[in-house]
Amino acid sequence: MNYLGRRDALLVLGMTLAGCTPEQKAVTQSNVAAGSQRKLGRVVIAISVGAQQLTPAQNASLLQVPELKRAFEAKWPPLGISVEVVDAEQAAAANASFRADQVLTLSQGRGKIRGNFVEDYEIGANLYDAAARKTVWRATTELPDFWRASHTASARPAAADRYVDSLTAKLREDGFI
């Protein structure tokens, strides 16, 4: 094995031993309200990122609105779902102009801190159906800290894609897509 190959192998081994490979998957679990399986149509996705107990650097390590916006806008319209992705503070204004059938709120849940770093965390999702006037679906997704594990910010779009893919798969399994 040449030096470059050995160095790369050691890097991969180190990331694997640390339990933080870039290939880790998001794991989503959900609860569905009885009799509530209206397909997604026009959805406002309101994202609240961060937690008061985290430092600014720790909050910056979480997936951010622009990354999630790009992932949702790339993946949901081909499924026939119109989306308006906004920061949670803009949700009311976005919903007034977009006239959503559903509102999906995403917020950071509990996390595991190791030293100064967020090791992994959860994103909670609540789907509100405007016609039924109630929350019809809840989910929690466990996310490993994908991008820090690969030591590059370029992995953040892939992490956002994995999250949206996991959420989409669970919504499809639960009959909303």
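Me: Why is Asp129 called buried?

Reply: In this predicted model, Asp129 has a relative accessible area of 6%, and because buried means under 20%, Asp129 counts as buried.

Me: What makes the pair of Asp129 and Arg38 a salt bridge?

Reply: The closest N and O atoms of Asp129 and Arg38 are 3.0 Å apart, and because a salt bridge requires a side-chain nitrogen of Lys or Arg within 4 Å of a carboxyl oxygen of Asp or Glu, the pair qualifies as one. This pair links distant parts of the chain, with Asp129 in strand S5 and Arg38 in the loop between S1 and S2, 91 residues apart.

Me: Why does Arg38 count as partly exposed?

Reply: The relative accessibility of Arg38 is 35%, and since buried means under 20% and exposed over 50%, with partly exposed in between, Arg38 counts as partly exposed.

Me: How do you know that Arg38 and Asp101 meet in a salt bridge?

Reply: Their side chains come to 3.5 Å, N to O, which is to be set against the cut-off of within 4 Å, and the pair therefore counts as a salt bridge. Arg38 lies in the loop between strand S1 and S2 and Asp101 in the loop between H4 and strand S4, so the pair ties together parts that are 63 residues apart in sequence.

Me: What makes Asp161 partly exposed?

Reply: Asp161 has a relative accessible area of 21%, and because buried means under 20% and exposed over 50%, Asp161 falls in between and is partly exposed. Asp161 also meets Arg70 in a salt bridge at 3.0 Å, N to O.

Note on methods. Residues are numbered from 1 along each chain as its sequence is written. This is a predicted model: local features need pLDDT of at least 70, side-chain atom pairs count only at pLDDT 80 or more; totals for chains, interfaces and linings use all residues. Side-chain values use heavy atoms; hydrogens and water are left out. Helices (H or I, at least four residues) and strands (E, at least two) are DSSP runs, numbered from the N terminus. Buried means under 20% relative accessible area, exposed over 50%, partly exposed in between (1.4 Å probe, protein chains only).
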